[in-house]
Amino acid sequence: MPNRTDLRADCGSCFGLCCVALTFSRSADFAIDKPAGEACPNLADDFRCTIHSKLRAKGFPGCTVYDCFGAGQELSRRAGRSWREQPGQEMFAALPILRQLHELLWYLTEALEYDERLQPAIDRVETVSRTADLTTVDVAAERAVVNELLLETSRRVRGKQPKKKERRGADLIGARLRGADLAKANLRGAYLIGADLRDADLRQADLIGADLRDTDLRGADLTGALFLTQSQLNAARGNHQTRIPGSLTRPAHWSAAGS
């Protein structure tokens, strides 16, 4: 069974799969158009990004919020040779599928801390993730089963909450929620793009799938936030006063976010 270390991207052990397999569309997230299967021009011969430390400044913030959950290095390990040495189509097709399965494992390993009965579900997804031809996996079906388990875990941890804290899928784009009491709130899939959550209490809030692009989390407390991912934090704004779960890393660009 993988632990959370296995489910963290290790770009140094990957053949730069996300830099080749994925499509880039010129936008606020990507400075260029790039079709799937074509290497990004910023990818060096050693599979390192030549502008890694300057991605945001160079117009590639979309790269900073992408998280393969360790799928890239796992596929590279299985292949043994890079896509430059052999046809890479199988690896490219497998990447988004294994990424989703690893994401499910990330959530389930967190939920296991609250309910040890979830171990069989972890074992099942881990087994499926080792399918020889990942393109045959019904990812939607796997997600549906896991989602029910995560919902039950969320309900158990958060307990019964007032209606004002049930904001699943809510449109909160640009909302002024500074200092709001959102502890144990249901914010699954909520649109919090550009919302002001400075100094908000988000302890044990369910944030699975919440869109935190440009969300202001300066001074917010996300201690024990449920199902929060590194990519969500990377998409948001925060500072040294923002409290985050111990399993995640404070994004480097937060140091310039001010107080």
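Me: Contact means heavy atoms within 4.5 Å. Leaving aside neighbours within four places in sequence, which residues is L187 in contact with?

Reply: This is a predicted model: local features need pLDDT of at least 70, side-chain atom pairs count only at pLDDT 80 or more, and totals for chains, interfaces and linings use all residues. Residues are numbered from 1 along each chain as its sequence is written, and side-chain values use heavy atoms, without hydrogens and water. With those sequence neighbours set aside, L187 is in contact with R167, L172, L182, L202, A205, D206, L207, I208 and A210.

Me: Is D206 buried or exposed?

Reply: D206 lies in the loop between α6 (139-158) and α7 (230-235); helices are DSSP runs of H or I, at least four residues, numbered from the N terminus. Buried means under 20% relative accessible area, exposed over 50%, partly exposed in between (1.4 Å probe, protein chains only). The relative accessible area of D206 is 0%, so D206 is buried.

Me: Is the crossing of α4 and α6 left-handed or right-handed?

Reply: The axes of α4 and α6 are 10 Å apart at about 15°. The contact includes L104 of α4 and V146 of α6. The crossing of the two helices is left-handed.

Key
Axes are lines fitted to C-alpha atoms, for helices over the stretch in contact, and angles run from 0 to 180 degrees between N-to-C directions. A crossing is left-handed if the near helix is turned anticlockwise from the far one by less than a right angle, and right-handed if clockwise.
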